[in-house]
Amino acid sequence: MGSQIADYTFTIIEDAQVPLAGNFETHSFAPVYLVVALGLLMLALLAYALWFETHSVRIKTLSGDAKTSYFFHPAKLLREERELEYSLVEAPVKG
């Protein structure tokens with residue numbers, strides 16, 4: 001037990017509240033909410049772009065023509081894809 005410090009003085013440097021310490025009762029979480037909302041918005045846009053790309057590749061595979069004019073009209077994109085699929089399935093039945 002010879003490694004104990006025996007004679008020391010404890011000095012308080014600042015007696016008031018530390019200026020850089022977080023006071024969570026008065027802290028505004030608006031920037032945190034904004035960053036989370038922007039992150040979720042970017043995730044949603046990325047998911048929609050990926051969804052659009054997969055369906056437009058499907059249309060290009062079915063028809064040989066890329067339809068990129070439906071980016072803001074997903075219902076028309078799905079209708080075009082469904083009509084192409086039905087026409088390909090229906091052709092052998094008619095012939």
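Tutor: Of the 95 residues of the protein, 11% count as buried, where buried means under 20% relative accessible area, exposed over 50% and partly exposed in between, with a 1.4 Å probe and protein chains only. The model is predicted, so local features need pLDDT of at least 70 and side-chain atom pairs count only at pLDDT 80 or more, while totals for chains, interfaces and linings use all residues. Residues are numbered from 1 along each chain as its sequence is written, and side-chain values use heavy atoms, with hydrogens and water left out.

The secondary structure comes to two helices and zero strands; helices (H or I, at least four residues) and strands (E, at least two) are DSSP runs, numbered from the N terminus.

The structure holds two aromatic pairs. Rings of Phe, Tyr and Trp (its six-membered ring) pair if their centres lie within 6.5 Å; planes under 30 degrees apart count as stacked, over 60 as edge-to-face and the rest as tilted. Phenylalanine 29 and tyrosine 33 form a tilted pair, 6.4 Å centre to centre with 40 degrees between the planes. Phenylalanine 29 is partly exposed because its relative accessible area is 37%, whereas tyrosine 33 counts as exposed because its value is 59%. The pair of tyrosine 48 and tryptophan 51 is stacked, at 5.7 Å centre to centre and 25 degrees between the planes. Both of these residues lie in helix 1, three residues apart, about one turn of the helix. Tyrosine 48 is partly exposed because its relative accessibility is 25%, and tryptophan 51 is partly exposed because its relative accessibility is 29%.

Phe29 and Tyr33 also belong to a nonpolar surface patch of about 610 Å², along with Val32, Val36, Leu40 and Leu43. Patches are made of residues with over 30% relative accessible area and no salt bridge: like charges are joined within 9 Å, nonpolar side chains (Val, Leu, Ile, Met, Phe, Trp, Tyr) within 5 Å. A salt bridge is a side-chain nitrogen of Lys or Arg within 4 Å of a carboxyl oxygen of Asp or Glu. Accessible areas come from the Shrake-Rupley method with a 1.4 Å probe; for residues, only the protein chains shown count as cover. Valine 36 lies in helix 1 (residues 30–63).

Tyr48 is among the contacts (heavy atoms within 4.5 Å) of tyrosine 70, which also touches Phe52, Lys76, Leu77 and Glu80, leaving aside neighbours within four places in sequence.
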